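Please open the model in a viewer and keep the sequence panel at hand.

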Amino acid sequence: MSSVLANNISGKVVVITGGSSGLGETTARHLASLGASVVLGARRIDKLEAIAADIRTAGGKVAVQATDVTRPDEVKALVNLAQERFGKVDVVINNAGLMAIAPLAETRVDEWDRMIDINVKGLLYGVAAALPIFQAQGSGHFINISSVAGIKVFSPGGTVYSGTKFAVRAIAEGLRHEVGGKIRSTIISPGAVESELKYGSSDTQGAAFVKDFYQQNEIPSESVARAIAYAIEQPADVDINEIVLRPTVQEF
Ligand code: NDP
């Protein structure tokens, strides 16, 4: 990485939803090591505080706040915390997510609701919280975590999850189209990546399928952290619209 690009991350203020594990946690550690100030939200405040302690020990800047992305007021408070603590908001990474795999015929309506609330409405609440700030600043960057399941329907079992990830791509692209110019919108669509996501299925068969699939395919979460850093480090007139990354061995 050239020093010019590295400097384009240093000093930026980056809000990450779902920062308590997986991609969000690894991305927070990576961006903080490159000099960004990171502001992490998730429900498990104990995990967030442990990650923040590590980042501070390593010389990084971090703030954390218990945040449920299904509550617009809590997402707004997280973005406001970034502004209060660090004076601005440069990047919002809409990352919090849930993957519950089960055939539609199981009619696990509660899980459908939770996936839609977290993966889709949670993202929209991130946009609602940060867009007015980005417009007032005349700059800003949304990074929206979709999935390869947002490109191809992951069925049977992942139909509703896929639906939420297709929605992420549609909303992120519409956002780019509507507010582009000074505000950037990036879609990141990973394949199987090591994290806690694979434990989100209550259906026994769905959970077994996911466990097997991840055992055969998953790659470390640093792969996504590097992709996110690449999007952030570009000059302000370059918007990396979409990155798709899969484990080399993954077919789907
Ligand atoms: P993890 O389960 O490890 O992380 C999910 C994160 O979301 C956690 O920090 C969790 O924190 C948070 N979260 C869940 N529900 C809520 C909520 N209601 N409010 C706030 N935070 C919440 O999985 P990943 O790191 O893999 O997932 C991150 C994103 O990456 C998701 O959008 C996922 O769909 C996407 N993705 C992951 C892939 C993979 O293979 N791992 C592949 C493609 C996309 P807490 O429980 O503390 O609230």
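**The annotated span**

Begin by selecting residues 12–196, the span that the UniProt annotation "domain: Ketoreductase" covers, according to an unreviewed entry. The coordinates displayed are those of a predicted model.

Next, show the strands. Seven of them form an open sheet with parallel pairing, in the order β3-β2-β1-β4-β5-β6-β7. Select β3 (61–66) and β7 (242–245): these strands stand at the edges, and because each has a single partner strand, one side of each is left without a neighbour in the sheet. From one strand to the next, the twist averages 15°.

Now move to β1 (residues 13–17) and β4 (residues 91–94). These two strands run parallel and are joined by three bridges. Which residue of β4 is the bridge partner of valine 14? Select valine 91, which takes that place in β4. In general, the strands of a sheet pair through backbone hydrogen bonds, in either a parallel or an antiparallel manner.

**Helices across the strands**

**A helix pair**

Select helix α4 (residues 72–86) together with helix α5 (residues 109–137). Their axes come within 8 Å and cross at roughly 35°. The crossing of α4 and α5 is right-handed. To view the contact, display the side chains of Pro72, Val75, Lys76, Val79, Asn80 and Gln83 on α4, and on α5 Tyr125, Gly126, Ala129, Ala130 and Ile133. By class, this contact of α4 with α5 comprises seven nonpolar, three polar and one charged residues.

For one of them, select arginine 29 and aspartate 54, whose side chains meet with an N to O distance of 3.0 Å. Arginine 29 belongs to helix α2 (residues 22–33) and aspartate 54 to helix α3; the pair, 25 residues apart, links distant parts of the chain.

**Two backbone stops**

Most residues other than glycine have a negative phi, and most peptide bonds are trans. Two selections depart from this pattern. At the first stop, select serine 155 and proline 156: the peptide bond between them is cis, with omega near 5°. Proline 156 is found in the loop between β5 and α6.

Finally, select threonine 107, in the loop between β4 and α5. Its phi is near 40°, a positive value in a residue other than glycine.

Note on methods. Residues are numbered from 1 along each chain as its sequence is written. This is a predicted model: local features need pLDDT of at least 70, side-chain atom pairs count only at pLDDT 80 or more; totals for chains, interfaces and linings use all residues. Side-chain values use heavy atoms; hydrogens and water are left out. UniProt positions are given in the numbering used here, feature names are shortened, and annotations may be inferred rather than shown by experiment. Two strands pair if DSSP finds at least two bridges between them. Helices (H or I, at least four residues) and strands (E, at least two) are DSSP runs, numbered from the N terminus. Axes are lines fitted to C-alpha atoms, for helices over the stretch in contact, and angles run from 0 to 180 degrees between N-to-C directions. A crossing is left-handed if the near helix is turned anticlockwise from the far one by less than a right angle, and right-handed if clockwise. Contact means heavy atoms within 4.5 Å. Ala, Val, Leu, Ile, Met, Phe, Trp, Tyr, Cys and Pro count as nonpolar, Asp, Glu, Lys and Arg as charged, and the others, Gly among them, as polar. A salt bridge is a side-chain nitrogen of Lys or Arg within 4 Å of a carboxyl oxygen of Asp or Glu.
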